[in-house]
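Hello,

Please find the structure below. My notes on it follow.

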Amino acid sequence: MELKQFKIDVLPLREKLLNYARKLTEDPSDAEDAVQEVILKLWNMRQRLDEYRSIEALAMTMTHHLCMDIWRARRPDALSLDQVHKFILTHYIGAFSVVLF
């Protein structure tokens with residue numbers, strides 16, 4: 001897909017994606033970032049877009065996933081992988097070693 005076709009097929013979806021992202025993120029700045037990232041990803045995969053039945057459905061799904069990633073990252077109870085690893089080591093590995101030995 002060349003630039004001209006991309007402008008015809010993808011760029012008109014921007015407002016719809018933005019409205020959807022605003023509902024999911026409840027933050028206009030995060031919504032704008034998500035939509036920009038989706039459009040960039042679509043541009044980078046433009047040569048393969050013909051493989052999809054619906055570019056709109058693909059773009060909406062990508063927007064949904066990115067917004068969920070943003071939402072998860074903003075959750076106050078989100079743990080880093082290091083925190084999870086430390087928790088497992090202190091709570092489970094110690095308990096298993098007691099059982100095993």
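Thr25 first. Leaving aside neighbours within four places in sequence, Thr25 is in contact with Asp30, Ala31 and Cys67. Contact here means heavy atoms within 4.5 Å. Thr25 lies in helix α2 (residues 14-25). Helices are DSSP runs (H or I, at least four residues), numbered from the N terminus. Thr25 is buried, at 15% relative accessible area. The classes are buried under 20% relative accessible area, exposed over 50%, and partly exposed in between (1.4 Å probe, protein chains only).

Some ground rules. This is a predicted model, in which local features need pLDDT of at least 70, side-chain atom pairs count only at pLDDT 80 or more, and totals for chains, interfaces and linings use all residues. Residues are numbered from 1 along each chain as its sequence is written, and side-chain values use heavy atoms, with hydrogens and water left out.

On confidence: pLDDT is the predictor's confidence in each residue, from 0 to 100. The protein averages 85, and 81% of the residues score at least 70. Confidence is highest in α3, at a mean of 96. Helix α5 (residues 81-100) has the lowest, at a mean of 62. Please keep that in mind when you look at α5.

Back to the contacts of Thr25. Its partner Asp30 is in helix α3. Asp30 is buried as well, with a relative accessible area of 7%. Not counting residues up to four places away in sequence, Asp30 touches Thr25, Ile70 and Arg74.

Next, the salt bridges. The rule asks for a side-chain nitrogen of Lys or Arg within 4 Å of a carboxyl oxygen of Asp or Glu. By that rule there are 5. Here are some of them.

- Arg14 with Glu32: the closest N and O atoms are 2.3 Å apart. This pair links distant parts of the chain, with Arg14 in helix α2 and Glu32 in helix α3 (residues 28-44), 18 residues apart. Both ends are partly exposed: Arg14 has a relative accessible area of 26%, and Glu32 stands at 24%.
- Lys41 with Glu37: the N to O distance is 3.6 Å. Both residues lie in helix α3, 4 residues apart, about one turn of the helix. Lys41 is partly exposed at 38%, and Glu37 is partly exposed at 36%.
- Arg72 with Asp69: the closest N and O atoms are 3.1 Å apart. Arg72 counts as partly exposed at 43%, and so does Asp69 at 44%. The two are about one helical turn apart because they sit 3 residues from each other in helix α4 (residues 55-74). Elsewhere, salt bridges that share partners join Arg14, Glu15 and Glu32 into one network.

How far apart are Leu3 and Arg46 in sequence and in space? They are separated by 43 residues in sequence and by 9.0 Å in space, C-alpha to C-alpha. Leu3 belongs to helix α1 (residues 3-9). Its relative accessibility is 44%, so Leu3 counts as partly exposed.

From Asp30, move on to Ile70 and Arg74.

Best regards
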